[in-house]
Amino acid sequence: MASSVPDLLLRGADVIVTMDDKRAELAGADILISEGVISAVGAGLVAPDAEVIDLTGCIVTPGLVNTHHHLYQTLTRAVPGAQDALLFGWLQTLYPIWARFGPEEMFVSAQIGLVELALSGCTLTSDHLYLFPNGARLDDTIAAAAEVGLRFHPTRGAMSIGESNGGLPPDVLVEGESAILEDCIRVIDAFHDPAPGAMVRVGVAPCSPFSVSRDLMREAALLARDKGVMLHTHLAENNEDVAYSLEKFGCRPGQYVEDLGWIGDDVWHAHCVKLNGQEIDLFAKTRTGVAHCPCSNCRLGSGIAPARAMRDAGVPVGLGVDGSASNDVGNLIGEARQAMLLQRVQNGADAMSAREALEIATRGGAAVLGRDDCGQISTGKRADIAVWDAQAVENAGSWDPAALVLSGPSKVRHLFVEGRQIVADGIMQAIDLPRVIARQNSLAKRLARLSD
């Protein structure tokens, strides 16, 4: 994909954590970017016509990759009544509020969520939007990502079984299944780009086993494979989720998705906290991906996902911040730290290193999303790069700045996506952030008043 951005030379970083195939870490090295692609990595690069940015005192990593989010939820952080609830009660509290959303709420909330991700080092994010009240469309979030400048993998989610038919969501938030499939075709045809370097790819994502029918799951898989796009849903998030599957379908979540064709390297599932050993082996054998969301799983009391066991078995694992109503933070480098700490709590202090957590957050997430063009700093890969200030107070005294997951910083100094500078000296470049924050807060207050 061609870029209008001039050549850029990132010069003299203290250390570049490449996450390339050799996991090389380069001291005092440079990165040359041409047409949105990394054209060279090494010491003493010469590019007379390139714009030069001095990275002395900085740590450089690949841009982080977020494999699960609900961007619309940044308008409903810390909602009373949902703060201390388990998953099903949390959803039942928030569904009536979300039913009041429209296109503006979707757009502005997505802007804020994307900015939060960008400032935490994220260059590529997925999004799972599964409700479309009052004329809202997936187009609203795609427009927000284009304005912010992040690489985007939105998924057209859906809920088709409401309360009157034994589902969890209120009837007002569910859609007819034929309409869901028709709109999936529309957004794929309008926005999906399968080419290397694509800024937008679209997935198909029925919400969960407790909000869609088995027929919709089957039809969605057939549609996605016909269109050559990926599949995504929630799975085995907590004990309630597993109990629902056993009661309604007579099987565990792993058998449920296997029976419906929801396994393979074109599928990734969110959470998977309660996968057992047989299910982990199934995912490893079929290269089915997992979006590990440690902070959300803590916040909702869902448990600790078996990320160590999944990684050891060969399951592709990436990180997800999940929705900002259940995290309630969208900081992806913080998510990497939390993933590392939880595996240590569960399995011992040597269960996951800082570098492995960073690998999951970069090339691990890129692999889950089917992006072998992203997730590492090496020649020929897309120029998605996070630059961290090694002189920040969080890193002061660190003997190993490359292990930044241990100490920080938690926000980037610079961020580049497809060679374009999205964040410069900690400031978003493409949008008026104070204005967007003010609008977001105004919309949140209005929702709160309507919900009293």
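Me: In this predicted model, a cavity is a set of grid points where a 1.4 Å probe fits but cannot get out. How much space lies in the largest cavity?
Reply: Rolling a probe the size of a water molecule over the atoms shows where empty space is left. The structure holds two cavities of 30 Å³ or more. The space in the largest cavity is about 120 Å³.

Me: Which helix gives the largest share of the lining of the largest cavity?
Reply: The lining of the largest cavity is made up of 16 residues, and the closest to its centre are L87, W90, L91, Y130 and H234. Four lining residues, the largest share, come from residues 87-98, which form helix α1.

Me: What is W98 in contact with, leaving aside its neighbours within four places in sequence?
Reply: W98 is one of the residues that touch the most other members of the largest nonpolar core. With the sequence neighbours left aside, the contacts of W98 are Y72, Q73, T76, W90, L91, Y130, L131, P133 and A325.

Me: What distance separates the end C-alpha atoms of helix α4?
Reply: Helix α4 runs over residues 177-191, which makes 15 residues.

Me: Which residues of α4 are exposed on the face turned away from its buried side?
Reply: The buried residues of α4 are I180, L181, D183, C184, V187 and I188. They lie on the same side of α4, because their arc around the axis is only 165°. They pack against α3 (138-148), β8 (151-158), β9 (203-206) and α5 (214-227). The face turned away carries the exposed residues S178, E182, D189 and A190.

Me: How far apart in space are Q255 and Q278, C-alpha to C-alpha?
Reply: Q255 is a residue of helix α7 (residues 253-259), and its relative accessibility of 42% makes it partly exposed. Q278 is 23 residues from Q255 in sequence. In space, C-alpha to C-alpha, the two are apart by 9.7 Å.

Methods: Residues numbered from 1 in each chain as written. Predicted model: local features only at pLDDT ≥ 70, side-chain atom pairs only at ≥ 80, totals over all residues. Heavy atoms only, no water. Helix = DSSP H or I, 4+ residues; strand = E, 2+ residues; numbered from the N terminus. Expected span 1.5 Å × (residues − 1). Buried < 20%, exposed > 50% of the residue type's maximum accessible area, 1.4 Å probe, protein only. Arc of directions from axis to C-beta. Contact = heavy atoms within 4.5 Å. Core = buried A, V, L, I, M, F, W, Y, C linked by side-chain atoms within 4.5 Å. 1 Å grid on protein atoms, 1.4 Å probe; cavity = no way out; pocket = protein on both sides within 12 Å on 5 of 7 lines; lining within 4 Å. Points joined across faces, edges and corners; volume = space filled by probe spheres on them.
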